[in-house]
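Welcome to this structure! Here are a few notes to read alongside the model, taken one point at a time.

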Amino acid sequence: MDTSNKSLSTKNVLITGCSSGIGLATAQHLAKTGFTVFATVRKEADAEKLRRLNEPNLIPICPLDLTHPEDIQPVINTIQAEIQRRGQPGLYALINNAGGGSVAPIELLDLNAFHSELQARLVGGVALVQACLPLLRQGAGRIIWVTTPAIIPTPYVTNIHACDFAVNCIARTLDIELGPWHIPSIQVRCGGIKTAKGLETISEVEAILKHPKADLYSHALKRWSKDMAEFDIKRTEPELVAKLIEKALCARNPKRQYSIGYMSGAASFLESLPQPLTDAILRMRF
Ligand SMILES: NC(=O)c1ccc[n+]([C@@H]2O[C@H](COP(=O)([O-])OP(=O)(O)OC[C@H]3O[C@@H](n4cnc5c(N)ncnc54)[C@H](OP(=O)(O)O)[C@@H]3O)[C@@H](O)[C@H]2O)c1
């Protein structure tokens, strides 16, 4: 692996959404490999869970709820103070991982939940980037976005993928805008990853089937749910995402997009086709 000369212990990384799944696996992996990890969570119980890991390089930061803009500056102040106390240079990476989302056809989307997801992943994500950039400039840092494997119109996951489409735009645009400071903006594009959230799809479909308008979609949703049961068995372990994120952090000249996870290759292929063809294939599939 191509690493720079700086010793890893001086490399501070901030990861959002570290209570579970990809965020937790990445926080643990990077702390074990020598990064200093500021791991944000929303709930004190999750911060306590991280403390109990007894990992000296892992520093829980709580609360950071990205739907609460007022949480951001205190988080930055805490990190800045800790970095100064250690006499270290800035922040080496911001890893935008936090996200929730749920599944539903657009007609049945819970608009409050949709609004929260847009707020967390887009407005909150950008606000966090803005707040971190002074520290990232000091640390000759980079920005990582954990996102979907492809920008394709997959039915029933618009709550999540509408954010991913916009994250794709933000990540690529930032990479150009921050070019003068050599701050890469990198997407780690994940297919099916075995996390608690990923495995909630089937129970979420059961919940939507109770929606007053569910009859319109019940046949298609039941068929999709069956497909998802098979998909879930083949999901990729989050620890492999953590290792790929380490690779993106350590590469001297990182790629701007890395892919990992079940079906990520097929999704990227679909994305590479002309849009009408991609849409026609998805129409047949659903
Ligand atoms: N799993 C997959 O197959 C997959 C595939 C592609 C992309 N992704 C993306 O990977 C990221 C991590 O997902 P995951 O599968 O690891 O799910 P997860 O285990 O549910 O982790 C999501 C994390 O995000 C946090 N979070 C949710 N809403 C937040 C908010 N408003 N503010 C701050 N933190 C918030 C959660 O905190 P709480 O515990 O407090 O809710 C949790 O720590 C997400 O952005 C997801 O879209 C996942």
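1. Let us begin with a term: a cavity here is a set of grid points where a 1.4 Å probe fits but cannot get out. Searching the whole structure, which is a predicted model, turns up two cavities of 30 Å³ or more.

2. How much space lies in the largest cavity? It holds about 80 Å³. Among the residues lining the largest cavity are Thr16, Leu66, Asn96, Trp145, Val146 and Val167. Helix 4 and strand 5 are the elements that give two or more residues to this lining, and helix 4 gives the most, with three.

3. Why can strand 5 be called largely enclosed by the rest of the structure? Six of the six residues of this strand, which spans residues 142-147, are buried, so the rest of the structure largely encloses it. For this step, buried means under 20% relative accessible area.

4. The side chains of strand 5 go two ways. Arg142, Ile144 and Val146 point one way, while Ile143, Trp145 and Thr147 point the other way, and all are buried.

5. Now for the neighbours of strand 5. Strand 4 (residues 93-96) runs parallel to strand 5 and is joined to it by four bridges, with Ala93 standing opposite Arg142. To get from strand 4 to strand 5, the chain passes through helix 4 (residues 111-138), making a right-handed β-α-β crossover.

6. Strand 5 also pairs with strand 6 (residues 185-190), again in the parallel sense, over five bridges. Which residue of strand 6 is the bridge partner of Val146? That partner is Val188. Here the chain crosses from strand 5 to strand 6 by way of helix 5 (residues 158-177), and this β-α-β crossover is right-handed.

7. Finally, please turn to helix 9 (residues 264-272), where the buried residues are Ser264, Ala267 and Leu270. Viewed down the helix axis, the buried residues of helix 9 fall within an arc of 120°, so they line one face of the helix. An α-helix has 3.6 residues a turn, so residues three or four places apart point the same way.

8. What do the two sides of helix 9 meet or carry? Its buried residues pack against strand 7 (257-260) and helix 10 (275-285). The face turned away from the buried side of helix 9 carries the exposed residues Phe269 and Ser272.

Definitions and conventions:
Residues numbered from 1 in each chain as written. Predicted model: local features only at pLDDT ≥ 70, side-chain atom pairs only at ≥ 80, totals over all residues. Heavy atoms only, no water. Buried < 20%, exposed > 50% of the residue type's maximum accessible area, 1.4 Å probe, protein only. Pairing = 2+ DSSP bridges. Right-handed = clockwise from strand over helix to strand, strands pointing away. Arc of directions from axis to C-beta. Contact = heavy atoms within 4.5 Å. 1 Å grid on protein atoms, 1.4 Å probe; cavity = no way out; pocket = protein on both sides within 12 Å on 5 of 7 lines; lining within 4 Å. Points joined across faces, edges and corners; volume = space filled by probe spheres on them.
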